[in-house]
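These notebook entries record what I looked up in the structure shown below.

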Amino acid sequence: MLADLSGGLRLTEAHRFPNGPVRVADRLHWDILGLYREILAGLRAAGPVSSVGVDSWAVDYGLLDESGGLIGNPVHYRDDRTRGVPERVAALVGADTLYDVSGLQVLPFNTLYQLLADRLDGAATMMLIPDLIGYWLTGELGAEVTNASTTGLLDVRTRSWARPLIERLGLPAGLFPPLRQPGEPIGGLRRDVAAEIGWSAPVRAVGSHDTASAVAAVPASGPAFAYISCGTWSLAGVELPGPVLTPESRAANFTNEAGIDGTVRYLRNVMGLWLLQECMRAWPGSDLGELLTAAAAERPFAAVVNPDEPVFLPPGDMPARIAAECRRTGQRPPSSPAAYTRCVLESLALGHRRAVRQAMELSGRDVKVVHLVGGGSYNELLCRLTADACGLPVVAGPAEATTLGNVLVQARAAGLVSDLEEMRSLVAASQPLRRYEPSGDGRLWDEAAARVF
């Protein structure tokens with residue numbers, strides 16, 4: 001994506017390409033070399049720019065050997081290699097101690113569990129995915145702090161590597177590279193990269209966890225907002241000045257991840273539109289627009305599920321899994337793709353409702369409006385259902401929040417904007433937004449939630 005800040009804020013798509021997992025034998029991998037090839041193609045298409053910033057999904061990594069070479073393809077977080085590892089770590093360290101250090105929710109794919117399930121022979125450096133791309137572009141090693149905070153190995157209070165925890169887990173201390181802050185320079189493009197794409201520019205650290213960038217671009221005025229960064233996952237929570245590390249927060253499985261400018265993204269992962277994406281894979285030839293139109297006409301609350309059930313995490317036959325979960329909870333499964341779509345979207349709205357309400361309760365933060373950003377903001381039915389479920393107005397957009405947060409951190413480093421407030425004001429003034437007011441009977445949402453939570 002190319003951003004132009006001369007006279008406002010305008011985005012242009014330079015290059016788009018698919019990114020899917022590759023199963024080899026019994027392991028699910030990322031095609032990281034294919035991704036890098038397409039990134040270079042995108043840089044060529046973008047033309048000369050003033051700076052480059054890289055963000056990606058969290059938790060996954062590549063291992064480098066002493067010479068800087070990649071040891072194997074990075075494993076996909078939906079792989080099952082960490083089965084049983086969180087329980088072993090909890091027994092070794094104690095769940096309360098782990099949460100007090102990292103502030104992270106327990107998810108089976110957290111980086112620390114992946115590392116403990118990995119073979120580290122010959123590994124000299126762990127590079128999270130955006131840092132690995134940055135390394136290939138510049139030759140400079142490092143770990144940007146917003147993404148490092150998703151590993152479970154960063155001290156949530158000091159924002160430094162949790163060395164005592166790393167030692168206790170038996171992980172090599174030298175595996176973890178120096179930390180970077182959003183806005184800091186990484187380095188110039190390597191000569192071979194510049195020669196291949198036809199131009200050169202500095203690469204700068206941004207909020208390299210895509211959600212950190214997305215939250216930086218939430219078009220909010222003042223602190224009384226919740227956010228839902230909605231795509232494959234829904235990351236729902238509030239922005240705080242510091243972590244919430246209470247026993248109640250740990251029991252609710254809320255996470256404290258680093259945000260821009262020392263903020264904390266206090267949130268919980270909700271499974272997100274992954275459920276609908278996988279359903280559509282089971283319905284060849286289905287059209288999303290037609291499905292959403294038909295789903296809007298379906299009977300409300302015919303069936304709902306808890307979207308965060310572990311059975312929904314791996315790829316596979318999602319309609320069959322939803323049907324089985326409906327039967328397990330005493331409900332009749334949906335009978336058509338439209339009914340499944342309605343079930344998924346109402347279930348996601350319930351997940352959003354629970355996360356937003358718990359975030360408010362556990363943090364003490366008052367919320368007047370919910371900002372729903374990311375690709376899910378295009379889904380009008382989901383936005384409307386989320387407003388009804390939460391009982392709060394939902395402001396939908398921008399869809400490209402991650403890109404906007406990325407480029408605005410670069411723009412601030414270049415002196416084009418001053419602070420987070422101005423960044424958000426620029427987004428609000430330049431991007432199309434839609435507002436959905438809550439409607440309907442909140443008691444029906446209470447009854448639906450009681451079926452699954």
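Where is the place of Val59? I found Val59 in the loop between helix H1 (32-46) and strand E5 (61-64); helices (H or I, at least four residues) and strands (E, at least two) are DSSP runs, numbered from the N terminus.

**Basis of the entries.** I worked on a predicted model, in which local features need pLDDT of at least 70 and side-chain atom pairs count only at pLDDT 80 or more, while totals for chains, interfaces and linings use all residues. Residues are numbered from 1 along each chain as its sequence is written, and side-chain values use heavy atoms, with hydrogens and water left out.

**Backbone.** I looked up phi of Val59 and noted a value near 70°, which is positive in a residue other than glycine. I then noted a cis peptide bond between Gly397 and Pro398, with omega about 5°. Pro398 is placed in the loop between strand E18 (394-396) and helix H16 (401-413).

**Helix packing around H14.** For the axes I used lines fitted to C-alpha atoms, for helices over the stretch in contact, with angles from 0 to 180 degrees between N-to-C directions. Angles under 35 degrees count as roughly parallel, over 145 as roughly antiparallel, 65 to 115 as roughly perpendicular and the rest as oblique.

I began with helix H11 (residues 274-281) and helix H14 (residues 337-363), whose axes come within 9 Å and cross at roughly 165°. H11 and H14 are therefore roughly antiparallel to each other. I listed Leu275, Leu276 and Cys279 of H11 and Thr341, Val344 and Leu345 of H14 as making the contact (heavy atoms within 4.5 Å). These contact residues divide into 5 nonpolar, 1 polar and no charged; Ala, Val, Leu, Ile, Met, Phe, Trp, Tyr, Cys and Pro count as nonpolar, Asp, Glu, Lys and Arg as charged, and the others, Gly among them, as polar.

I next took helix H12 (residues 288-296), which packs with H14 at an angle of about 80°, the axes being 8 Å apart. H12 and H14 are therefore roughly perpendicular to each other. On the H12 side I recorded Leu291, Leu292, Ala294, Ala295 and Ala296, and on the H14 side Pro337, Ala338, Thr341, Arg342 and Leu345. I counted 8 nonpolar, 1 polar and 1 charged in this contact.

Last, I checked helix H18 (residues 442-452): its axis and that of H14 come within 11 Å and cross at roughly 95°. H14 and H18 are therefore roughly perpendicular to each other. H14 contributes Glu346, Ala349, Leu350, Arg353 and Arg357, and H18 contributes Gly442, Trp445, Asp446, Ala448 and Ala449. The contact of H14 with H18 holds 5 nonpolar, 1 polar and 4 charged residues.

**Domains.** I noted a division into domain 1 (2-208) and domain 2 (209-452), with bounds from an automatic or database domain assignment. The C-alpha centres of domain 1 and domain 2 lie 24 Å apart. Their contact takes 45 residues from domain 1 and 46 residues from domain 2.

**Record.** For residues 49-215 I noted 34% helix and 14% strand, with the end C-alpha atoms 24 Å apart. For residues 226-414 I noted 44% helix and 16% strand, with the end C-alpha atoms 29 Å apart.
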